Amino acid sequence: MTGVALAADTTNPFLGTWVLNVAKSTFDPSPPLKSNTLTITDAGNGAVHEVIDYVERDGSATHMELTTALDGKEVPVTGGGEADAVIATQPDPRTVKYVFTKAGKWVETGRFTLSKSGKTLHGPLHGKDAQGAWKYHYVYERQ
């Protein structure tokens, strides 16, 4: 469903556009998402703004946005999708962990790590929606 939010500074290696490599990612249950693009920009004061656009396996498109400082504080998620808020933290310089919620209840959690080369962002993601529980492993490539 979603992507990843990361704290920004002038040398933030996470800033940019990331496209999901569907062939390298795993989806349980299958079939996979058709596409997912994540755009991360500097929002100032150590925060980032994230735009997430994805197309589900049934062809439905979703656009979501959020701004976070990765300080563990809940912030709103706008647009469509299963979440209306996120709590994000950065346990180390190359990793972000987050919990997405809807109406105060957990809907998904994930942990994403930036490769040493800075060209790949990957990690496990799992949640529960109207169709049941799911588990994905996303592999994004820098554009």
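Begin by selecting S115, which touches R94 and T120, not counting residues up to four places away in sequence. The model on the screen is a predicted one. S115 sits in the loop that runs between strand β9 (105-114) and strand β10 (120-129). Is S115 buried or exposed? Its relative accessibility is 16%, and because the limit for a buried residue is under 20%, S115 counts as buried.

The side chains of S115 and S117 are joined by a polar contact of 3.1 Å. The setting of S117 can be stated from its surface: S117 is exposed, because its relative accessible area is 52% and the exposed class begins over 50%. From S117, turn to K119: the side chain of S117 reaches the backbone nitrogen of K119 at 3.3 Å. S117 and E50 are 67 residues apart along the chain, and their C-alpha atoms are separated by 22 Å.

**Strand β8 and T95**

Now move to T95, which is found in strand β8 (residues 95-102). With a relative accessibility of 4%, T95 counts as buried. Which side chains make polar contacts with the side chain of T95? One is that of D92, at 3.0 Å. Another is that of T113, at 3.4 Å. Show the surroundings too: leaving aside neighbours within four places in sequence, T95 is in contact with F14, T89, Q90, R111, F112 and T113.

**The aromatic residues**

How many aromatic pairs does a search of the whole structure find? The search finds 9. One of them is formed by W134 and Y136, a tilted pair with 4.6 Å from centre to centre and 35 degrees between the planes. Both W134 and Y136 are buried.

**Strand β11 and V139**

Proceed to V139, whose place is in strand β11 (residues 132-142). V139 has a relative accessibility of 11% and therefore counts as buried. What is in contact with V139, once neighbours within four places in sequence are left aside? The list consists of V19, L20, N21, K24, S25, T120, L121 and H122. Then select P124 and compare its position with that of V139: the two are 15 residues apart in sequence, and 9.1 Å lies between their C-alpha atoms.

**The largest pocket**

The last stop concerns empty space. Rolling a probe the size of a water molecule over the atoms shows where such space is left. The largest pocket holds about 210 Å³ of space. To find this pocket, select E56, R57, E82, D129 and Q131, which are the closest to its centre of the 12 residues that line it.

How values were computed:
Residues are numbered from 1 along each chain as its sequence is written. This is a predicted model: local features need pLDDT of at least 70, side-chain atom pairs count only at pLDDT 80 or more; totals for chains, interfaces and linings use all residues. Side-chain values use heavy atoms; hydrogens and water are left out. Rings of Phe, Tyr and Trp (its six-membered ring) pair if their centres lie within 6.5 Å; planes under 30 degrees apart count as stacked, over 60 as edge-to-face and the rest as tilted. Buried means under 20% relative accessible area, exposed over 50%, partly exposed in between (1.4 Å probe, protein chains only). Helices (H or I, at least four residues) and strands (E, at least two) are DSSP runs, numbered from the N terminus. A polar contact is a pair of N or O atoms within 3.5 Å; within protein, one must be able to donate a hydrogen and the other to accept it, and residues adjacent in sequence count only if both atoms are side-chain atoms. Contact means heavy atoms within 4.5 Å. On a 1 Å grid over the protein atoms alone, a cavity is a set of points where a 1.4 Å probe fits but cannot get out, and a pocket is an open set with protein on both sides within 12 Å along at least five of seven lines; lining residues have an atom within 4 Å of a point. Grid points are joined across faces, edges and corners, and a volume is the space filled by probe spheres set on the points.
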